[in-house]
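Please read them with the structure open.

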Amino acid sequence: MGSLHLLQVTDTHLFVDQSASKNGISPASNLNAILDKALARRTPDILVATGDIAQEPVRETYERFLGAVHARYSGNLLVIPGNHDSGELMREIFPVCSCTLGSWTVVCLDTHIDGEVAGHVTQQNIDQLEADLLAAERHVVVIGHHPIVDVGAKWLDAHRVDNGGQVISILKQHAKGSKTYLCGHIHQEFDGTIEGVRCLATPSTCWQFARDVEQFALDSAPPGWRWLTLFDDGTIQTEVVRLGTA
């Protein structure tokens, strides 16, 4: 049975100044360390970055991200915006269209609205999602920034995609194969299945948020990334790896 490897990094929160730090962590140093460790293990068939690429959303920051990736990896790359990003600027710099590899199509879904923390999918993006799913021949992974379901942290659940139920309904109607939604934003690991749609979220490459809390709180867990192995029959094996444990 054939398989594909997808590497996800998310919430890199890069500054223009590569030596800058926040919450005692250097985002640039962490990203470099994570890319080194992840890519030393294997070369993925596709690398996806699911938003909040920048803490300072200017061209130089995004070019630094691209530079870090391209210094180590030259394969398929998809990048989508998060609530800290500039959507317009990112669309000028990054590939954001869907990508088909073998039996799988990776579909980009923009859940961000410039200047807003919470997620929302506009009607234009809903229409694009439906078109992308219709064009997909078999299995799909949809990548977005915000969760489309509650994850159990009250303050983060307030930021989820406010029309996430509509997204799930559209994914359910994609009957050609299995379907998974992959996101970031919550700076922690999540894996749940809702109405047949598997929803995954991945730790940030920098600081982490505490789980199962009502108000904002940081967690001492190390930063991480996620591997997905996508099999031709629609099954997925996935693993979250963290710095210091890889």
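1. A polar contact is a pair of N or O atoms within 3.5 Å; within protein, one of the two must be able to donate a hydrogen and the other to accept it. The side chains of E195 and K172 are joined by such a contact, at 2.8 Å. The model is a predicted one, and the distances and angles below should be read as values computed from a predicted model.

2. E195 lies in the loop that runs between β8 (190–194) and β9 (197–201). Is E195 buried or exposed? Its relative accessibility is 54%, and residues over 50% count as exposed, so E195 is classed as exposed. Leaving aside residues up to four places away in sequence, E195 touches I168 and K172. As for separation, E195 and G24 are 171 residues apart in sequence, and their C-alpha atoms are 40 Å apart in space.

3. I168 and K172, the residues touched by E195, fall within the range given for helix α6 (residues 164–173). Helix α6 packs with helix α4 (residues 123–135) at an angle of about 15 degrees, and the two axes are 10 Å apart. That angle is under 35 degrees, and therefore α4 counts as roughly parallel to α6. The crossing of α4 past α6 is right-handed.

4. Which residues of α4 and α6 meet? On the α4 side they are Q123, I126, L129, E130 and L133; on the α6 side they are Q166, V167, I170 and L171. Sorted by class, this contact of α4 with α6 has six nonpolar residues, two polar and one charged.

5. The other helix pair is α1 (residues 27–41) with α2 (residues 59–70). Their axes come within 10 Å and cross at roughly 25 degrees. Because angles under 35 degrees count as roughly parallel, α1 is roughly parallel to α2. α1 passes α2 in a right-handed crossing. From α1, the contact is made by L31, N32 and L35; from α2, by F65, A68 and V69. By class, the contact of α1 with α2 has five nonpolar residues, one polar and no charged ones.

6. Apart from residues up to four places away in sequence, S103 touches R138, H139 and D232.

7. What polar contacts does the side chain of S103 make? One is with the side chain of R138, at 3.2 Å. Another is with the side chain of D232, at 3.4 Å. For a sense of the separation along this part of the chain, S103 and V117 are 14 residues apart, and their C-alpha atoms are separated by 34 Å.

Note on methods:
Residues are numbered from 1 along each chain as its sequence is written. This is a predicted model: local features need pLDDT of at least 70, side-chain atom pairs count only at pLDDT 80 or more; totals for chains, interfaces and linings use all residues. Side-chain values use heavy atoms; hydrogens and water are left out. Axes are lines fitted to C-alpha atoms, for helices over the stretch in contact, and angles run from 0 to 180 degrees between N-to-C directions. Helices (H or I, at least four residues) and strands (E, at least two) are DSSP runs, numbered from the N terminus. Angles under 35 degrees count as roughly parallel, over 145 as roughly antiparallel, 65 to 115 as roughly perpendicular and the rest as oblique. A crossing is left-handed if the near helix is turned anticlockwise from the far one by less than a right angle, and right-handed if clockwise. Contact means heavy atoms within 4.5 Å. Ala, Val, Leu, Ile, Met, Phe, Trp, Tyr, Cys and Pro count as nonpolar, Asp, Glu, Lys and Arg as charged, and the others, Gly among them, as polar. Buried means under 20% relative accessible area, exposed over 50%, partly exposed in between (1.4 Å probe, protein chains only).
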